[in-house]
Amino acid sequence: MRLRTLTLAAASGVALLAAGVLPANATGTTTAPTSAQEGSVSAADLLAKVKSCSQISNGKYKTDDETSATIPVCGKNGAVFWKADMDVDCDGQRTTNCNEDRDPWYQDDTAFHQSDGKPLKAETLPYVVVPSSSSIWNYSGAGIKGGGVVAVVYNNKVEYAVVGDTGPTKIIGEASYATAKALGIDPDPETGGTDSGVTYILFKNSKVSPIESHSAAVTLGDQLAKQFLANN
């Protein structure tokens, strides 16, 4: 397991108009999920649809600085996916477990922001980090947006998250403290994470509004997961 590379927290402009926008039907406050399975679609059903890979990236990614590039980004109807490790991202607003003292690579910003303009809260909001756009792959060109819905599958559990931050251009496999914790993965930003076994399914042209509403992500994610099963 590598020590997490610094994520690139430069905010990027995100189109506000997107298919699959789910208006907030809950409060904007974020409560950390306590467990997963979330939604009605099983991990087994999702994994059955991503057994084979139609590679859409121009190359492959590393999971760690010292590993070789072996992870492709794959395409399916309505989604892209990859299978990798999970490094723990603790960037964004300072909280009890996400701060300079707990995370040697801590940054106080995320690429995408809450509806009030503040950075996201890694400790309480499940989010996924996507590689910054490069010659290997451009996430925005594939219909992936900040606030887009991600089904994260691990150990027969499904956790719905949002696209919340961008990372190194050559490394893939990272998610927030809250995502790791909900999936039963050690969320410690310095020593936690898992070396393998995580599947990330990102639904194209989706957007949770507000991005910080986890309940909205679960509701929209469950709808999109059902569509994904029907269309693949």
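A: Let me start with Cys98, which is buried at a relative accessible area of 1%, where buried means under 20% relative accessible area, exposed means over 50% and partly exposed lies in between, with a 1.4 Å probe and protein chains only. This is a predicted model, in which local features need pLDDT of at least 70 and side-chain atom pairs count only at pLDDT 80 or more, while totals for chains, interfaces and linings use all residues. Residues are numbered from 1 along each chain as its sequence is written, and side-chain values use heavy atoms, with hydrogens and water left out.

Q: Ok, and which residue does a disulfide join to Cys98?
A: The partner is Cys90, with an S to S distance of 1.9 Å; a disulfide here is a pair of cysteine sulfur atoms within 2.5 Å. The link of Cys90 and Cys98 is left-handed, with -70° about the S-S bond, and Cys90 counts as buried at 0% relative accessibility.

Q: How many disulfides does the rule give?
A: The count comes to 2 disulfides, and if the bonded cysteines are numbered in sequence order, the pairing is 1-2, 3-4. Cys53 is joined to Cys74 by a disulfide with an S to S distance of 2.0 Å, and that link is left-handed too, at -100° about the S-S bond. It connects distant parts of the chain, since Cys53 sits in the loop between helix 1 (43-48) and strand 2 (74-76), whereas Cys74 is in strand 2, 21 residues apart. For those elements, helices (H or I, at least four residues) and strands (E, at least two) are DSSP runs, numbered from the N terminus.

Q: And Cys74, buried or exposed?
A: Cys74 counts as buried, because its relative accessibility is 4%, whereas Cys53 is partly exposed at 39%.

Q: Let's zoom out. What pattern does the chain follow along the sequence?
A: Read along the sequence, the pattern is β-α-β-β-β-β-β-β-α-β-β-α, made of 3 helices and 9 strands. The chain has 232 residues, of which 55% count as buried, and it exposes about 9300 Å², with carbon and sulfur atoms supplying 49% of that; these accessible areas come from the Shrake-Rupley method with a 1.4 Å probe, and for residues only the protein chains shown count as cover.

Q: What about contacts, how many join residues at least 24 apart?
A: Among contacts between residues at least 6 apart in sequence, 78% join residues at least 24 apart, with a contact meaning heavy atoms within 4.5 Å.

Q: Which residues have the most contacts inside the largest nonpolar core?
A: Those are Trp82, Trp137, Tyr200 and Phe203, in a core of 62 residues. The elements that give two or more residues to this core include helix 1, strand 3, helix 2 (177-182), strand 8 and helix 3 (214-231). A nonpolar core is a set of buried Ala, Val, Leu, Ile, Met, Phe, Trp, Tyr and Cys residues joined through side-chain atoms within 4.5 Å.

Q: Which strands pair with strand 8?
A: Strand 3 (residues 79-89) runs antiparallel to strand 8 and is joined to it by 7 bridges, with Met86 standing opposite Thr194. Strand 5 (residues 149-154) also pairs with strand 8 in the antiparallel sense, over 4 bridges, and there Ala151 stands opposite Ile201. Two strands pair if DSSP finds at least two bridges between them. Strand 8 (residues 194-203) is mostly covered, with 7 of its 10 residues buried.

Q: Last one: where is Gln37 found?
A: Gln37 is in the loop between strand 1 (21-22) and helix 1, and it is partly exposed at a relative accessible area of 36%. Not counting residues up to four places away in sequence, Gln37 touches Ser42, Ala43, Asn156, Lys157 and Val158. Gln37 and Tyr160 are 123 residues apart in sequence and 9.1 Å apart in space, C-alpha to C-alpha.
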